Amino acid sequence: MKTSPAAKVSAEQFLAWVAGQEQRYELVEGEVVAMAGAGRRHDAIVVNLTAVVHAQVRGGPCQTFTSDTYVATSPTTRRMADLGVDCGKPDDSALVAERPTLLVEVLSPTTSGFDVTVKLAEYQTLPSLDYILFVDTEMPNAHLYVRGDDRQWTNQVFKGFDAAIELPKLQVRLTLAEIYDGLQFRDRPRLVSDASPPDGMSGLSQ
């Protein structure tokens, strides 16, 4: 199957073609789009998340999946989330999550703006979805979107290694310490100093 930026293909054609490709692709409104590779820091966070989430859902009715499983956000769009939980019927041959309940995106400097706008809007249209989690790579921060019983979305920001994220519908609890295990962060520069002026200088005018 040949693709070009102008080529329009169906979801069925795309899935049949992409199964034999080494590079990663998404289908966006009928167009095949190549995905850039992720860095080691991004990958380390995805590995940590996968281990923590899978350990808590295994043996239950839902299954953990990675970016090798697609998410259908429209009839002609198939997205690759970094991690997800599918509460549909298990099917080893399926390339698309049937009932995604949690989707996680690990943000990178080059894709964060797109993920928290376009992908967020697409994900929020999925009727089965209860949780959308965005995880920062540069600082220990996470942003969780939760769909309530009234079907409305609310959101909460978590900061620092002591923070814990509760996903009660999946009986999953994530701490930022687990998510960022093994990673180091650079100290953020101080923009304002709170140090007192040297003796004898406090009464001098500029």
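**View 1. The buried cysteines C62 and C87.** Both C62 and C87 are buried, a word used for residues under 20% relative accessible area, with exposed for those over 50% and partly exposed for those in between (1.4 Å probe, protein chains only). The structure is a predicted model, in which local features need pLDDT of at least 70, side-chain atom pairs count only at pLDDT 80 or more, and totals for chains, interfaces and linings use all residues. Residues are numbered from 1 along each chain as its sequence is written, and side-chain values use heavy atoms, with hydrogens and water left out. A disulfide links C62 with C87, the S to S distance being 1.9 Å; the rule asks for two cysteine sulfur atoms within 2.5 Å. The count by this rule is one disulfide. The link of C62 and C87 is right-handed, with 100 degrees about the S-S bond. C62 sits in the loop between α2 (40-57) and β3 (63-66), and C87 in the loop between β6 (83-86) and β7, so the pair ties together parts that are 25 residues apart in sequence. Helices (H or I, at least four residues) and strands (E, at least two) are DSSP runs, numbered from the N terminus.

**View 2. E105 in strand β7.** Strand β7 covers residues 100-106 and holds E105. Is E105 buried or exposed? With a relative accessible area of 2%, E105 is buried. The side chains of E105 and K119 are joined by a polar contact of 3.2 Å. A polar contact is a pair of N or O atoms within 3.5 Å; within protein, one must be able to donate a hydrogen and the other to accept it, and residues adjacent in sequence count only if both atoms are side-chain atoms. Not counting residues up to four places away in sequence, E105 touches several others, among them M80, D115, Y123 and F134. Here contact means heavy atoms within 4.5 Å.

**View 3. S67 and its contact with R24.** S67 is in the loop between β3 and β4 (71-74). S67 has a relative accessible area of 11% and is therefore buried. Its side chain makes a polar contact of 2.8 Å with the side chain of R24. Apart from neighbours within four places in sequence, S67 is in contact with R24, M80, A81 and D82.

**View 4. The largest pocket.** The space in the largest pocket is about 670 Å³. Its lining has 31 residues, and R24, A36, A38, H42 and D82 lie nearest its centre. The elements that give two or more residues to this lining are β1 (25-28), α2, β7 and α3 (112-123). Which element gives the most to the lining of the largest pocket? Helix α2 does, with six residues. A pocket is an open set of points on a 1 Å grid over the protein atoms alone where a 1.4 Å probe fits, with protein on both sides within 12 Å along at least five of seven lines; lining residues have an atom within 4 Å of a point. Grid points are joined across faces, edges and corners, and the volume is the space filled by probe spheres set on the points.

**View 5. V52 on helix α2.** V52 is part of helix α2. V52 is buried, its relative accessible area being 15%. V52 and T175 are 123 residues apart along the chain, and 9.3 Å separates their C-alpha atoms. Leaving aside neighbours within four places in sequence, V52 contacts R173, L174 and E178.

**View 6. N155 beside H143.** N155 belongs to strand β10 (residues 153-159). N155 counts as partly exposed because its relative accessibility is 48%. H143 is twelve residues away from N155 along the chain, with 7.0 Å between the C-alpha atoms. A polar contact of 2.9 Å joins the side chains of N155 and H143. Beyond neighbours within four places in sequence, N155 is in contact with H143, L144 and Y145.

**View 7. R186 and the end of the chain.** R186 occurs in the segment after α4 (176-179). R186 is exposed, with a relative accessible area of 72%. R186 and M139 are 47 residues apart in sequence, and their C-alpha atoms are 8.5 Å apart in space. The chain averages a pLDDT of 88, and 86% of the residues score at least 70. Over residues 201-206 the pLDDT is below 50, and this stretch has one contact in the model beyond near neighbours in sequence. The pLDDT is the predictor's confidence in each residue, from 0 to 100. Where pLDDT is low, the predicted coordinates should not be read in detail.
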